[in-house]
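Subject: Structure for you to look at

Hi,

Here is the structure I promised to pass on. Please open it and keep it beside this note as you read.

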Amino acid sequence: MNKKNLDPLNILWILLFLTGFFVACIRLIVLNEDALSKVLNSTFDSAKTAFEISIGLTGVLCFWMGLMKVGEEAGFIKILTRALGPLFKKSCLAFQKTTLL
(Lines give C-alpha, C1' and ligand atoms only; values in the text may rest on other atoms or scores of the structure.)
Protein backbone atom coordinates (compact mmCIF):
# COMPACT_ATOMS: atom_id res chain seq x y z
CA MET A 1 0.00 0.00 0.00
CA ASN A 2 1.34 3.40 -1.00
CA LYS A 3 1.29 5.84 1.91
CA LYS A 4 0.66 9.44 0.90
CA ASN A 5 2.08 12.37 2.80
CA LEU A 6 -0.23 15.23 3.67
CA ASP A 7 0.75 18.36 1.82
CA PRO A 8 0.52 21.65 3.72
CA LEU A 9 -2.11 22.85 1.26
CA ASN A 10 -4.28 19.79 1.98
CA ILE A 11 -3.92 20.43 5.70
CA LEU A 12 -4.96 24.05 5.14
CA TRP A 13 -8.11 23.00 3.25
CA ILE A 14 -9.01 20.46 5.94
CA LEU A 15 -8.57 23.10 8.64
CA LEU A 16 -10.72 25.59 6.72
CA PHE A 17 -13.56 23.09 6.31
CA LEU A 18 -13.36 21.96 9.94
CA THR A 19 -13.29 25.55 11.18
CA GLY A 20 -16.35 26.43 9.10
CA PHE A 21 -18.21 23.37 10.36
CA PHE A 22 -17.23 24.12 13.96
CA VAL A 23 -18.38 27.75 13.72
CA ALA A 24 -21.68 26.68 12.13
CA CYS A 25 -22.26 24.20 14.96
CA ILE A 26 -21.49 26.85 17.59
CA ARG A 27 -23.87 29.28 15.92
CA LEU A 28 -26.54 26.58 15.91
CA ILE A 29 -26.07 25.84 19.61
CA VAL A 30 -25.49 29.36 20.97
CA LEU A 31 -27.51 31.60 18.67
CA ASN A 32 -30.13 29.02 17.70
CA GLU A 33 -29.45 29.99 14.10
CA ASP A 34 -29.64 27.42 11.32
CA ALA A 35 -26.20 28.15 9.88
CA LEU A 36 -25.65 24.66 8.46
CA SER A 37 -28.47 25.03 5.93
CA LYS A 38 -27.10 28.44 4.92
CA VAL A 39 -23.66 26.90 4.40
CA LEU A 40 -25.16 24.07 2.36
CA ASN A 41 -27.23 26.43 0.19
CA SER A 42 -24.29 28.75 -0.44
CA THR A 43 -22.10 25.76 -1.34
CA PHE A 44 -24.54 24.65 -4.02
CA ASP A 45 -24.96 28.21 -5.29
CA SER A 46 -21.19 28.55 -5.60
CA ALA A 47 -20.94 25.19 -7.38
CA LYS A 48 -23.59 26.31 -9.87
CA THR A 49 -21.72 29.56 -10.53
CA ALA A 50 -18.42 27.70 -10.96
CA PHE A 51 -20.03 25.33 -13.46
CA GLU A 52 -21.47 28.20 -15.49
CA ILE A 53 -18.09 29.94 -15.58
CA SER A 54 -16.34 26.74 -16.65
CA ILE A 55 -18.80 26.24 -19.52
CA GLY A 56 -18.07 29.77 -20.75
CA LEU A 57 -14.32 29.27 -20.45
CA THR A 58 -14.55 25.98 -22.35
CA GLY A 59 -16.09 27.81 -25.29
CA VAL A 60 -13.33 30.42 -25.28
CA LEU A 61 -10.69 27.71 -25.02
CA CYS A 62 -12.16 25.84 -28.01
CA PHE A 63 -12.20 29.05 -30.04
CA TRP A 64 -8.52 29.83 -29.34
CA MET A 65 -7.43 26.24 -29.91
CA GLY A 66 -9.17 26.31 -33.29
CA LEU A 67 -7.56 29.63 -34.12
CA MET A 68 -4.13 28.23 -33.18
CA LYS A 69 -4.77 25.17 -35.36
CA VAL A 70 -5.57 27.40 -38.34
CA GLY A 71 -2.43 29.45 -37.63
CA GLU A 72 -0.36 26.29 -37.39
CA GLU A 73 -1.68 24.97 -40.71
CA ALA A 74 -1.01 28.33 -42.37
CA GLY A 75 2.57 28.49 -41.05
CA PHE A 76 1.97 31.56 -38.91
CA ILE A 77 2.96 29.78 -35.70
CA LYS A 78 6.37 28.89 -37.14
CA ILE A 79 6.96 32.54 -38.11
CA LEU A 80 5.81 33.73 -34.68
CA THR A 81 8.11 31.21 -33.00
CA ARG A 82 11.13 32.46 -34.94
CA ALA A 83 10.27 36.07 -34.18
CA LEU A 84 9.62 35.67 -30.46
CA GLY A 85 12.13 32.89 -29.73
CA PRO A 86 15.07 35.14 -28.81
CA LEU A 87 12.89 37.25 -26.53
CA PHE A 88 11.63 34.23 -24.62
CA LYS A 89 15.10 32.73 -24.48
CA LYS A 90 16.47 35.86 -22.78
CA SER A 91 13.54 36.11 -20.38
CA CYS A 92 13.80 32.42 -19.46
CA LEU A 93 17.52 32.76 -18.77
CA ALA A 94 16.89 35.83 -16.61
CA PHE A 95 14.20 33.92 -14.72
CA GLN A 96 16.53 30.98 -14.13
CA LYS A 97 19.24 33.29 -12.77
CA THR A 98 16.85 34.91 -10.31
CA THR A 99 15.46 31.60 -9.06
CA LEU A 100 18.90 30.11 -8.51
CA LEU A 101 19.99 32.93 -6.22
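The lining of the largest pocket divides into 9 nonpolar residues, 2 polar and 1 charged. Keep in mind that this is a predicted model. The pocket has a volume of about 250 Å³. Its lining includes Leu16, Phe17, Phe21 and Val23, along with Arg27, Leu36, Val39 and Thr43. Gly20 is also in the lining. Which helix gives the most to the lining of the largest pocket? Helix 1 does, with 7 residues. Helix 1 covers residues 8–30. Both helix 1 and helix 2 supply at least two residues of this lining.

Now the overall fold. The protein chain has 3 helices and 0 strands. Along the sequence, the pattern reads α-α-α. The C-alpha trace spans about 65 × 40 × 35 Å along its principal axes. A compact globule of 101 residues would have a radius of gyration near 13 Å. The protein chain has 24 Å instead. Of its 101 residues, 3% count as buried.

Next, take the helices one by one. An α-helix has 3.6 residues a turn, so residues three or four places apart point the same way.

Helix 1 has 23 residues, which should span 33 Å at 1.5 Å a residue. The C-alpha atoms at the ends of helix 1 are 32 Å apart, so the two values agree. Just after helix 1 comes Asn32, with a positive phi of about 55°.

Helix 2 runs over residues 35–74, which makes 40 residues. At 1.5 Å a residue, helix 2 should span 58 Å. Its end C-alpha atoms are 58 Å apart, so this agrees too. Gly75 follows helix 2, and the phi of Gly75 is positive, near 90°.

Last, the aromatic rings. How many aromatic pairs are there? The count comes to 2.

Are Phe63 and Trp64 buried, partly exposed or exposed? Phe63 has 51% relative accessibility. Exposed means over 50%, so Phe63 counts as exposed. Trp64 has a relative accessible area of 48%, so Trp64 is partly exposed.

Best wishes

How values were computed: Residues are numbered from 1 along each chain as its sequence is written. This is a predicted model: local features need pLDDT of at least 70, side-chain atom pairs count only at pLDDT 80 or more; totals for chains, interfaces and linings use all residues. Side-chain values use heavy atoms; hydrogens and water are left out. Helices (H or I, at least four residues) and strands (E, at least two) are DSSP runs, numbered from the N terminus. The expected span of a helix is 1.5 Å times one less than its number of residues. Rings of Phe, Tyr and Trp (its six-membered ring) pair if their centres lie within 6.5 Å; planes under 30 degrees apart count as stacked, over 60 as edge-to-face and the rest as tilted. Buried means under 20% relative accessible area, exposed over 50%, partly exposed in between (1.4 Å probe, protein chains only). On a 1 Å grid over the protein atoms alone, a cavity is a set of points where a 1.4 Å probe fits but cannot get out, and a pocket is an open set with protein on both sides within 12 Å along at least five of seven lines; lining residues have an atom within 4 Å of a point. Grid points are joined across faces, edges and corners, and a volume is the space filled by probe spheres set on the points. Ala, Val, Leu, Ile, Met, Phe, Trp, Tyr, Cys and Pro count as nonpolar, Asp, Glu, Lys and Arg as charged, and the others, Gly among them, as polar. The radius of gyration is taken over C-alpha atoms; the globule rule is 2.2 Å times the number of residues to the power 0.38.
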